[in-house]
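Subject: Handing over the structure

Dear colleague,

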Amino acid sequence: MEAVRASAAWVASRSSHVKVDMLEVEKVVDKIQGNVPKVEWDFEGIHYFDDGPLTVQYLFVLDALNFCFWPDKDLSYDHLASGLKLALEKDKTALDADRLQSYTGPQLRQLLNWPRPLPIEEERVRLLHEVGMELERSFGGEAANLVKSAGNSAATLIELITRHFPGFRDHSLYKGHQVFLYKRAQIFVADLWGAFKGQNYGEFHDIKSITIFADYIVPAVLRELGILKYGSNLSCSIDSNSEIVPGSEEEVEIRACSVYAVEKMREFINKKFGKQLLSIDIDLWLWSCGVQNMALSHHRTLSIYY
Ligand SMILES: Nc1nc2c(c(CN[C@H]3C=C[C@H](O)[C@@H]3O)cn2[C@@H]2O[C@H](COP(=O)(O)O)[C@@H](O)[C@H]2O)c(=O)[nH]1
């Protein structure tokens, strides 16, 4: 994940719409005395888990569709996670590779028990087909085989996912440079690690290489904490719920500066308090704060990546 870390730092050093306020990073770290509150994976109790390969299939499909809920004000990540869980509990074959390749938009809605079209529904369907097809072609239809072939390395798994599944190639161009954020590929690794508690399909010797997952919730929390400072035009756009164009400098800066800020937070915690924290743990803490604060305004970008 060096590419994510390095390209996020590259953007942060040239950023003009978003600034990372290092003093505030230090203040936040001091305030919590280097102790990031521990948030349990699945603190919401909404995910499918059976300790076996079907859980891996579930998490992979979940993270293939884990993006852009905000255009429907009643829809959230929870609906996706619990909808897929219910679907699997009703029918264990619902996420089989051949089934994934044949879902239509209305069938996906039905699977998730959602009464109207999902945001960017055609893309969600296309991505489901892509996942089903490539799992079948290269991994015997099972996401568990994809995970096994990574040999307990998070970095290798992310490389495999982004090589085989174009929908997971979350990258942009910024001032002529390619910037990698790989939000959904990284969150899949984190979900395996969290669900299987670092064992079995969740055992990765290099889990510390993962960064945070640059979505639309964590940046809003970092802004609220004073760690991210937005220029006045960007502030106005976000506070008035205007859409931010995907791939725009503003959008890339928001996401990359969020990754960079949390890496700095980790460094401060290590330097001052001698603790080696994982970005995953900081991410889940920040994200859980964000989803519980309904008043937080977040940036709105139509994207399949987050
Ligand atoms: N950075 C980060 N972003 C995350 C998650 C998760 C869920 N992780 C699960 C794993 C274990 C836990 O128990 C969680 O349930 C979703 N998201 C993103 O949030 C947005 C959805 O927001 P809203 O519209 O309000 O539902 C959307 O971009 C989605 O992709 C996370 O952990 N970190």
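Phe 69, Leu 75, His 79, Leu 80, Leu 108, Leu 112, Leu 118 and Arg 124 line the largest cavity, where a cavity is, on a 1 Å grid over the protein atoms alone, a set of points where a 1.4 Å probe fits but cannot get out, and a lining residue has an atom within 4 Å of a point. The volume of this largest cavity is about 50 Å³, a volume being the space filled by probe spheres set on grid points that are joined across faces, edges and corners. Its lining is made up of six nonpolar, one polar and one charged residues, if Ala, Val, Leu, Ile, Met, Phe, Trp, Tyr, Cys and Pro are counted as nonpolar, Asp, Glu, Lys and Arg as charged, and the others, Gly among them, as polar.

Please keep in mind that this is a predicted model, in which local features need pLDDT of at least 70 and side-chain atom pairs count only at pLDDT 80 or more, while totals for chains, interfaces and linings use all residues. Residues are numbered from 1 along each chain as its sequence is written, and side-chain values use heavy atoms, with hydrogens and water left out.

Next comes the largest pocket, which has a volume of about 1100 Å³; a pocket is an open set of grid points with protein on both sides within 12 Å along at least five of seven lines. It is lined by 47 residues, of which Tyr 77, Asp 215, Ile 217, Trp 287 and Val 291 are the closest to its centre. The lining divides into 23 nonpolar, ten polar and 14 charged residues, and its largest share, seven residues, comes from H14.

What takes up the space of the largest pocket? The ligand does, in the sense that more than half of its atoms lie within 2 Å of the pocket's grid points. Around the ligand there are 22 residues, and Asp 42, Glu 44, Asn 66, Lys 183 and Asp 283 come nearest, a residue being counted if one of its heavy atoms lies within 4 Å of the molecule. By class, this shell has 13 nonpolar, three polar and six charged residues, and H14 gives the largest share of the shell, four residues.

A polar side-chain atom of Glu 44 lies 2.4 Å from an oxygen atom of the ligand, and a backbone N or O atom of Asp 42 lies 2.7 Å from an oxygen atom of the ligand. For Phe 213, a backbone N or O atom lies 3.0 Å from a nitrogen atom of the ligand.

With kind regards

Conventions:
Helices (H or I, at least four residues) and strands (E, at least two) are DSSP runs, numbered from the N terminus. A polar contact is a pair of N or O atoms within 3.5 Å; within protein, one must be able to donate a hydrogen and the other to accept it, and residues adjacent in sequence count only if both atoms are side-chain atoms.
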